[in-house]
Amino acid sequence: MARWICKLLVLSLFTPAVFGAQYFNQIGWLPSDSPLYGLLQFPQAVEEVYRENDNQMVWFDLQQGSKLEFQLEVIDHAGFSPLFSRQLSYLQFYRKSNRWHEYDVLATDTLLLYLSYAESAKNDGKYWFFEQKLSTPLPLPPQSAQIALKRGISQQHLAELIERYTPDSQEYQYLIDTYLHIIKFDKLNTPPYRQVGIKRVGDRLENRDVLIQRLSIVDVDLIDVRKDIRWFDQTLKVAVKQFQNLHGLKPDGIIGPETIKWINLPIEKRLSTLAINAERIRYWPSQRDTIIVVNVPSFQMTYWSSGEEVFESKVVVGKIERPTPLMQIRLDSLILNPTWNVPWKIMVEDIIPKVQHDRAYLTKQNIKIIPKWGSDEIINPETIDWDNLNPSSFPYRMTQESGNSNALGLYKFNTPNRRAIFLHDTPSKSLFSRQQRAFSSGCIRVENADVFAKRLIEAQGVSRRAKLDEPPGPNQSIPLKSRVPVHIIYQTAWYEEGSVHYREDIYRLDKAVFPQG
């Protein structure tokens, strides 16, 4: 806080008074050299607001100010905007110092900033939440938002205005409710839970009371858990299994290192996770008419058709060094029995080194070498000097023939895009039994791809759906009547079936929120 104030004071010594200084000095609110002017994002618009309000204060109702400050607090905890964090710090400083004129002017300006953010998040949220922090000024909110602000001031409905520009989805509200529940534990200084080795039912627990306190932080049912014993009983096992399920762990009721890591997750980090994922809801699609949503951290995919959930599946996503990109694409066709054109990076980094180690690898995998895409000519691998080959200088392309061992399996769900990311079947079915499923080179492998294909064709009413039950030739395409939007999202906390679930930040995209150890 002190750093922001010192910086602002220095700036005020070397810059002329900005627009609005003369006005607020004339009405006796602020001196013309007030450091506040360096904070204002929209000084001209703010002056206009007060002129039209007959030079009266706007934030005389502290509940309205609290509403604004809370939204700023969530954004601050989300960790993606130094700009909002600075504004909140000064608002709190002016309020605690009873400097109400400065508070009033800054709150009005910051509300305009919040309206601009809320209007822009649907398009620009990806940059703020995943790529670069929101630290540069935003444009003045659209005229409709400015009119809504002036109407809110005249009718004393600023709290309702703030609510209107805040997500109204059930998922957002549950994340915020959970945030409010957990923040109560922030000052309790609950110690970390400690144990030696792995604990199962029947084992003695030296810190059972601390364990119960830690479990109570999240939405775990502890009503039947006994408080008067010192060992691991069946009632506690039920609670531990519920906790594990909420965090994507194997729900075996055994307390091991992974379970302890989540039990001891710092309160501040859990709050930040809730906050950033709540704000991300502003960017994710809200419609559930006809859409496919893949949530990378949960390794799950859901397909809605005509507002009904018709398919849900586990998925395998990109490994950490080859992450699945967050993007919006459209599924336009189903490819039966696909061949696989091996991407350059996979060919250079994966396949060629394997061939150099095992000359029979290409034959085992039904992979052919061709001069270029679309060519019918096949290059004999024995004519290539594999021992002295620099993989990055390989002049050819590789394609894998269709069949059960094909890397794409028997179904490819085609989503044309420049990054060649699509959904597909896989011969590696065993990977779906793992809790953590980041193993692909970027594309999304779908469990029960045959069922997904049938649901897709049924929902589209495509006349060739019977062909799914016939042995197809390679690359048999079934065009869809209408393209289905596919949204690849990244939520490390979300609401589902009455509870908030948490997952590992596998790609470290939350790192701006809270440093990971």
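Predicted model: local features only at pLDDT ≥ 70, side-chain atom pairs only at ≥ 80, totals over all residues.
## The nonpolar core

The largest nonpolar core holds 155 residues, and the members that touch the most others are Leu111, Tyr117, Ile292, Trp386, Met398, Phe413 and Phe452. Helix H6, which runs over residues 100-131, gives the most to this core, with 15 residues. In soluble globular proteins, nonpolar side chains tend to be buried together.

## Methionine 398 and tryptophan 386

Methionine 398 lies in strand S7, residues 397-400, and its relative accessible area of 0% is why it counts as buried. Leaving aside neighbours within four places in sequence, methionine 398 is in contact with Trp340, Asn341, Val342, Met347, Ile351, Ile352, Leu362, Ile367, Lys368, Ile369, Trp373 and Trp386. One of these partners, isoleucine 351, is 47 residues away along the chain, and its C-alpha atom is separated from that of methionine 398 by 9.4 Å.

Tryptophan 386, when residues up to four places away in sequence are not counted, touches Ile352, Val355, Gln356, Arg359, Leu362, Ile369, Pro381, Phe394 and Met398. Both Trp386 and Met398 are among the core members that touch the most other members.

## Threonine 302

Threonine 302 is placed in strand S2, residues 300-305. Its relative accessibility is 11%, and because the limit for a buried residue is under 20%, threonine 302 counts as buried. Not counting residues up to four places away in sequence, threonine 302 touches Ile291, Ile292, Val293, Glu309, Phe311 and Glu312; of these, Ile292 is also named among the core residues that touch the most other members.

## Helix H4 and what covers it

Helix H4 comprises 17 residues, 62-78, and at 1.5 Å a residue it should span 24 Å, which agrees with the 24 Å between its end C-alpha atoms. The buried residues of H4 are Gln64, Gly65, Leu68, Glu69, Gln71, Leu72, Val74, Ile75, His77 and Ala78. The elements that cover these buried residues include helix H5 (82-96), H6, helix H8 (158-164), helix H9 (170-183) and helix H13 (267-280).

## The packing of H3 and H7

Helix H3, residues 43-52, packs with helix H7, residues 143-154, at an angle of about 35°, and their axes are 11 Å apart. The crossing of these two helices is right-handed. On the H3 side, Glu48, Val49 and Glu52 take part in the contact, and they meet Leu149, Lys150 and Ile153 of H7. The residues of this contact divide into three nonpolar, no polar and three charged.

Note on methods
Residues numbered from 1 in each chain as written. Heavy atoms only, no water. Axes fitted to C-alpha atoms, helices over the stretch in contact; angles between N-to-C directions. Helix = DSSP H or I, 4+ residues; strand = E, 2+ residues; numbered from the N terminus. Left-handed = near helix turned anticlockwise from the far one by under 90°. Contact = heavy atoms within 4.5 Å. Nonpolar A, V, L, I, M, F, W, Y, C, P; charged D, E, K, R; others polar. Buried < 20%, exposed > 50% of the residue type's maximum accessible area, 1.4 Å probe, protein only. Core = buried A, V, L, I, M, F, W, Y, C linked by side-chain atoms within 4.5 Å. Expected span 1.5 Å × (residues − 1).
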